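Let's learn to read a protein model together, one feature at a time. Have a look at it first.

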Amino acid sequence: MYDKILTSLSYGMCAVGAKGLTSGNACIVNTVIQISSLPMTIAVSINHSNYTNECIKRTGEFTVSVLSENTSGAVIGALGFTSGRDGNKLNNVRYKILREGIPVIQEDICCWFLCRVVNTVETVTHTIFIAEPVAGSESIKGKPMTYDFYINTIKGKSPKYSPTYIPEEEEIVERYTCSICKYEHIDPLIPFEELPQSWICPICGAPKSVFKKTG
Ligand SMILES: Cc1cc2nc3c(=O)[nH]c(=O)nc-3n(C[C@H](O)[C@H](O)[C@H](O)COP(=O)(O)O)c2cc1C
């Protein structure tokens, strides 16, 4: 499956800050990439359902804070698993507000930069914002947190509205129903076909042959 082999791609962990209607907002992303150096452009993919998407479309600006390996998992939890639509997510997070009114997350980050959107591309689920960094920190501190570090060292997960979300696979269990008493044989450990021919319905005692596959 493509979703499995795509887990071999590498990413960096960032917080994207944007100006909300009543307060600053931010979310976690792992999809910031540099597109070109002259002119310097970056891209980030933000789900249509995320409040941050709406905030960036309204203002055309956002900040990117590059998380470090020292950024606490609690910060990722606060910004990556709840929506700014449901309250101010920045209450327990260290940040500063730029002149433009946009928050910059400052939780043990490596560096940050302010971006102006120059183009957008719509996909079925995400908007790709293409933007130019116009200001930012002068140096890099610490070691940037990779997505691999988040998944395999912090043991973090990706929520539904992140691009790398993989739905849990449902266990496929076969179902056979007794045509006499309607007893259902659903046993993932012993498949129906592997039961001996002498096996009988545990409820009404009917032979195996009267069972029909119903799922
Ligand atoms: C590890 C991780 C990576 C994520 N990457 C992205 C991403 O690249 N794009 C995106 O739209 N959401 C991503 N998310 C999900 C958003 O951070 C999450 O849906 C958040 O609650 C959105 O908040 P908002 O509604 O305030 O914008 C990621 C979350 C985590 C934990």
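What follows is a short chat about its core and one of its sheets.

Q: What should I know before I start?
A: This is a predicted model, where local features need pLDDT of at least 70, side-chain atom pairs count only at pLDDT 80 or more, and totals for chains, interfaces and linings use all residues. Residues are numbered from 1 along each chain as its sequence is written.

Q: Which residues have the most contacts inside the largest nonpolar core?
A: In soluble globular proteins, nonpolar side chains tend to be buried together. Here the largest nonpolar core has 36 residues, and Cys14, Ala15, Val16, Val29 and Val64 have the most contacts inside it. A core like this is a set of buried Ala, Val, Leu, Ile, Met, Phe, Trp, Tyr and Cys residues joined through C-beta atoms within 7 Å; buried means 20 or more other C-beta atoms within 10 Å of a residue's own, placed from the backbone.

Q: What does Cys14 touch?
A: Leaving out residues up to four places away in sequence, Cys14 touches Val29, Val32, Val64, Ser65, Val66 and Leu67. Touching means C-beta atoms, placed from the backbone, within 7 Å.

Q: In what order do the strands of the open sheet come?
A: Strands of a sheet pair through backbone hydrogen bonds, either parallel or antiparallel. This sheet has 3 strands, ordered β11-β10-β12, with antiparallel pairing. Strands are DSSP runs (E, at least two residues), numbered from the N terminus, and two pair if DSSP finds at least two bridges between them. β11 (184-185) and β12 (211-213) are at the edges with a single partner strand each, so one side of each has no neighbour in the sheet.

Key:
A residue is buried if 20 or more other C-beta atoms lie within 10 Å of its own, exposed if 12 or fewer, and partly exposed in between; C-beta atoms are placed from the backbone. Two residues are in contact if their C-beta atoms, placed from the backbone, lie within 7 Å. Helices (H or I, at least four residues) and strands (E, at least two) are DSSP runs, numbered from the N terminus.
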